[in-house]
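My entries follow the order in which I checked things.

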Amino acid sequence: MTTQFVQTLLQSNAGFAALVLRVPVGLILAAHGAQKLFAWFGGYGLEGTGQWMASIGLEPGYLMALLAGSAEFFGGLALALGLLTRPAAVVSAIAMLVAIFAVHIGNGLFMSNNGYEYALTLFVVSVALAIQGGGRFALDNVLLERLGSAGQGQRAAL
């Protein structure tokens, strides 16, 4: 992995706004993922979610539930922490696109009709975070600093 790639992936000039977006959206995504994976918060767990996903044509249902639940749970936790923010945001955005087009699009915009407005909001925030990064208060900054220090030590040894 090149130093330029790592810097592009982790570096962000965003300030407080990224934190304001990351934490609540990350926690919401993680909670939805926990419903799918662990049957927490009134969810159906992998078995129930997998059966439902298969019933709407997302097969194999168990695997799709595992992928969607993992993307939301682990991606949401990563967003909340600001850890690998851009990759986590991209994964979350893809999960929301699948939710929009596989489940909600036929119901119109409004959430009261099981529409796509909520998933669209989570998608848009995820895209914004993928573009701007984790911001000032993200673990990405710690990771970038540590990797930068390690890279300087390797260059000095050469």
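Entry 1. I looked up the handedness of the crossing of helix 2 and helix 6, and it is left-handed. A crossing gets that label if the near helix is turned anticlockwise from the far one by less than a right angle, and is right-handed if clockwise. Helices here are DSSP runs of H or I with at least four residues, strands are runs of E with at least two, and both are numbered from the N terminus. The model is predicted, with local features needing pLDDT of at least 70, side-chain atom pairs counting only at pLDDT 80 or more, and totals for chains, interfaces and linings using all residues. Residues are numbered from 1 along each chain as its sequence is written, and side-chain values use heavy atoms, without hydrogens and water.

Entry 2. I noted which residues make this contact (heavy atoms within 4.5 Å). Helix 2 brings A17, A18, L21, R22, V25, I28, L29 and H32, and helix 6 brings Y118, L122, V125, S126, L129 and Q132. They divide into ten nonpolar, three polar and one charged. Nonpolar covers Ala, Val, Leu, Ile, Met, Phe, Trp, Tyr, Cys and Pro; charged covers Asp, Glu, Lys and Arg; the others, Gly among them, are polar.

Entry 3. Next I read off the geometry. The axes are lines fitted to C-alpha atoms, for helices over the stretch in contact, and angles run from 0 to 180 degrees between N-to-C directions. Under 35 degrees is roughly parallel, over 145 roughly antiparallel, 65 to 115 roughly perpendicular, and the rest oblique.

Entry 4. I then turned to helix 4, residues 61-81, whose axis comes within 7 Å of that of helix 2 and crosses it at roughly 150°. The two helices are therefore roughly antiparallel. Their crossing is left-handed. The contact residues divide into 16 nonpolar, six polar and three charged.

Entry 5. Is E72 buried or exposed? I found E72 in helix 4. Its relative accessibility is 7%, so E72 counts as buried. Buried means under 20% relative accessible area, exposed over 50%, and partly exposed in between, with a 1.4 Å probe and protein chains only. Leaving out residues up to four places away in sequence, E72 touches L29, A30, H32, G33, K36 and M96.

Entry 6. Last, I checked the whole protein. It has seven helices and zero strands. Of its 158 residues, 36% are buried.
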